[in-house]
Amino acid sequence: MFCKVLMIIIGFFLLVIGADVLIKGSTNIAKKFHIPEMLIGLTIVALGTSAPELIITITSANKGATDLIIGNAIGSNLCNSLLILGLMAVIIPVEIDKDAKKIHIPIAFFATLLILSMGLGMLGSMPSVINGRDGTILIIMFIFYFSYPIIIEINDIVKTYKQEKNSKKNKEIKIMKSILFIIIGIVLLKYGGDFVVDNSSNIAKMFNVPERIIGLTIVAIGTALPELVTSIFAVIKKDTDLAVGNLVGSCVLNLFLILGVGSIITPLDFANEFNQNLVLLTISTFIIWLFNFIGKKNIITRNKGAILLLIFAIYIIKLFV
């Protein structure tokens with residue numbers, strides 16, 4: 001037990017260092033090539049911080065542990081939407097970018113509805129099963145979603161970069177060093193997440209906690225730790241666009257890529273409890289979008305953040321009651 005707890009502590013330590021290094025490398029690249037921080041968050045940072053979910057999905061799929069895959073994806077999104085965004089807003093009110101408001105949050109809402117429809121068998125699939133055909137659809141959606149913002153921004157990025165490529169500010173930023181920082185950050189986040197998740201799961205199994213609960217809580221929160229630490233660091237450093245992009249990008253990635261890869265490897269059996277959690281995720285995503293029009297426009301205030309944290313606390317309590 002002592003060794004497991006020690007490994008969890010080491011895991012958290014690696015997560016903190018990894019997040020700091022990843023943020024530094026990502027923001028430097030954004031400045032070097034004049035790439036919007038929202039775009040960096042939606043792509044590089046989202047993919048990097050979601051590495052633990054992807055690794056666990058592939059491992060679990062090969063072992064046939066489908067409850068862990070689904071619970072991990074849904075639980076991680078609930079953590080991103082309620083716990084992490086809530087904590088960010090409580091620390092510093094979070095401004096929502098216009099593209100996140102008009103495009104990315106609605107897409108996250110659509111992705112949740114799509115998975116719910118698949119889980120209920122509303123798209124012609126077997127009820128309560130996401131099969132290989134569904135997985136292929138999800139992977140195609142993932143490719144389109146992550147290509148779209150890059151294509152939209154690329155012309156402006158190239159134009160701006162050519163105009164300012166000889167500036168002193170650009171020369172001061174070393175691109176290879178920034179890329180190395182990103183790689184080191186992702187590796188530290190991956191192993192930090194592994195240490196926390198594996199040892200937390202082992203402790204839970206010692207107390208006979210069901211796999212579904214482990215997936216929705218310990219594994220989900222553990223694999224969301226990179227997003228949590230990265231987002232909080234970004235908010236503290238006033239990089240709110242990067243933090244929001246990271247969260248929204250990770251949420252869409254969890255549903256399209258993670259469940260897509262998992263269902264291609266092995267059909268995912270959807271228990272009714274998972275559909276209930278998807279309904280909560282759908283409602284939570286809609287509430288976050290609605291917050292843009294309530295009170296301070298386009299701002300997740302501390303009060304709104306507290307509401308998200310309260311919903312998350314009720315969700316966790318309900319799981320164990």
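**Helices, a cavity and selected residues in a predicted model**

In helix H5 a kink of about 30° is found at His104, shortly before the proline Pro106, the bend at a residue being the angle between axes fitted to the seven residues ending there and the seven starting there. The structure is a predicted model, in which local features need pLDDT of at least 70 and side-chain atom pairs count only at pLDDT 80 or more, whereas totals for chains, interfaces and linings use all residues. Residues are numbered from 1 along each chain as its sequence is written, and side-chain values use heavy atoms, with hydrogens and water left out. Helices (H or I, at least four residues) and strands (E, at least two) are DSSP runs numbered from the N terminus.

Helix H5 covers residues 98–119, and its 22 residues should span 32 Å at 1.5 Å a residue, which agrees with the 31 Å between its end C-alpha atoms; the expected span is 1.5 Å times one less than the number of residues. At the start of H5, the backbone nitrogen of Asp99 has a side-chain oxygen of Asp97 within 2.7 Å. Just after H5, Gly121 adopts a positive phi of about 75°.

A search of the whole structure finds one cavity of 30 Å³ or more, and the volume of the largest cavity is about 190 Å³. Its centre is approached most closely by Ser81, Ile105, Val248, Cys251 and Ile288, out of 15 lining residues. Two or more lining residues come from each of helix H4 (66–91), H5, helix H11 (240–265) and helix H12 (272–290). By class, this lining consists of 10 nonpolar, five polar and no charged residues. Here a cavity is a set of points, on a 1 Å grid over the protein atoms alone, where a 1.4 Å probe fits but cannot get out, and lining residues have an atom within 4 Å of a point.

Helix H10 (residues 225–236) has 12 residues and reaches 16 Å from its first C-alpha to its last, close to the 16 Å expected at 1.5 Å a residue. Because 10 of the 12 residues of H10 are buried, this helix is largely enclosed by the rest of the structure, where buried means under 20% relative accessible area, exposed over 50%, and partly exposed in between (1.4 Å probe, protein chains only). Among the buried residues of H10 are Pro226, Glu227 and Thr230. Just after H10, a positive phi of about 70° is taken by Lys238.

Most residues other than glycine have a negative phi.

Leu310 and Gly86 are 224 residues apart in sequence, with 8.9 Å between their C-alpha atoms, while Lys304 and Ile287, 17 residues apart along the chain, have C-alpha atoms separated by 9.7 Å. In helix H11, Ser250 is buried, with a relative accessible area of 0%, and the C-alpha atom of Ser250 is separated by 9.9 Å from that of Ala73, 177 residues away along the chain.

Technical notes:
A polar contact is a pair of N or O atoms within 3.5 Å; within protein, one must be able to donate a hydrogen and the other to accept it, and residues adjacent in sequence count only if both atoms are side-chain atoms. On a 1 Å grid over the protein atoms alone, a cavity is a set of points where a 1.4 Å probe fits but cannot get out, and a pocket is an open set with protein on both sides within 12 Å along at least five of seven lines; lining residues have an atom within 4 Å of a point. Grid points are joined across faces, edges and corners, and a volume is the space filled by probe spheres set on the points. Ala, Val, Leu, Ile, Met, Phe, Trp, Tyr, Cys and Pro count as nonpolar, Asp, Glu, Lys and Arg as charged, and the others, Gly among them, as polar.
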